[in-house]
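Open the model in your viewer and keep the sequence beside it. The tour begins with ring pairs and then moves to the ligand.

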Amino acid sequence: MKMITAVIKPFKLEEVREALAECGVNGLTVTEVKGFGRQKGHTELYRGAEYVVDFLPKVKVEVVVRTEDVDRCVDAIVNVARTGKIGDGKIFVTPVERVVRIRTGELDDTAI
Ligand SMILES: Nc1ncnc2c1ncn2[C@@H]1O[C@H](COP(=O)(O)OP(=O)(O)OP(=O)(O)O)[C@@H](O)[C@H]1O
C-alpha cells in the first residue's frame, strides 16, 4: 500500500475528489495547508500597504491505495490538477505499513 500526498491548488479540490472517486477510492483526507515551491510567495496589497505573502494557501489530499493502483491514481490527479501555471503543486508517494479499520478490525487491503 502507498500513501499518495497531493498538494494542489485549492480550487482544484472538487475535481481531484471526483477523479479519485472514479479510480475507486473510498476515502481520503483533506487538509488546508500553506506552503511554497519555486512559486514562492507573492506581494499583496492590504489597506494600501504592500505585504509579501511568504506562504500560499494550498490543499493537501492524502489517500492510501493499493500499490497496483498508484500509477492510475497519480495520473488521474495530475490530469485534473494541472493548469500549466506555476504553483500547480506536487505529489509525493510513500509506503504504508498497515491500515486498520477501527470499527471491524479489518486490515490492510480490505481496510482501505
Ligand atoms: N519539496 C517540497 N516538500 C514539501 N512540500 C512541497 C515541496 N515542494 C512544494 N511543496 C508544496 O507544494 C506546493 C506547491 O508547490 P509548487 O507547485 O509551487 O512547486 P514547484 O516545484 O515550484 O512547481 P511549479 O514550478 O509548477 O510552481 C507548495 O506550496 C508546498 O506546499
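How many aromatic pairs does the count come to? The count comes to one aromatic pair, where rings of Phe, Tyr and Trp (its six-membered ring) pair if their centres lie within 6.5 Å. Select F36 and F55: their rings are 5.7 Å centre to centre with 45 degrees between the planes, a tilted pair (planes under 30 degrees apart are stacked, over 60 edge-to-face, the rest tilted). F36 is in the loop between β2 (29-35) and β3 (42-46), and F55 is in the loop between β4 (49-53) and β5 (56-65), 19 residues apart. Strands are DSSP runs (E, at least two residues), numbered from the N terminus.

This is a predicted model, in which local features need pLDDT of at least 70, side-chain atom pairs count only at pLDDT 80 or more, and totals for chains, interfaces and linings use all residues. Residues are numbered from 1 along each chain as its sequence is written, and side-chain values use heavy atoms, with hydrogens and water left out.

Stay on F36 and show its backbone: an N or O atom there lies 3.1 Å from an oxygen atom of the ligand. Next select G35, where a backbone N or O atom is 3.2 Å from a ligand oxygen atom. At D88 the corresponding distance from a backbone N or O atom to an oxygen atom of the ligand is 3.4 Å. Taken alone the ligand exposes 610 Å², and the protein buries 72% of that (Shrake-Rupley method, 1.4 Å probe).

Now display the shell around the ligand. Of its 13 residues, G35, R38, G87, G89 and K90 come nearest (a residue is near if one of its heavy atoms lies within 4 Å). Finish on strand β6 (residues 89-95), which gives the most to this shell, with three residues.

Conventions: Polar contact = N/O pair within 3.5 Å; in protein donor to acceptor, adjacent residues only side chain to side chain. Helix = DSSP H or I, 4+ residues; strand = E, 2+ residues; numbered from the N terminus.
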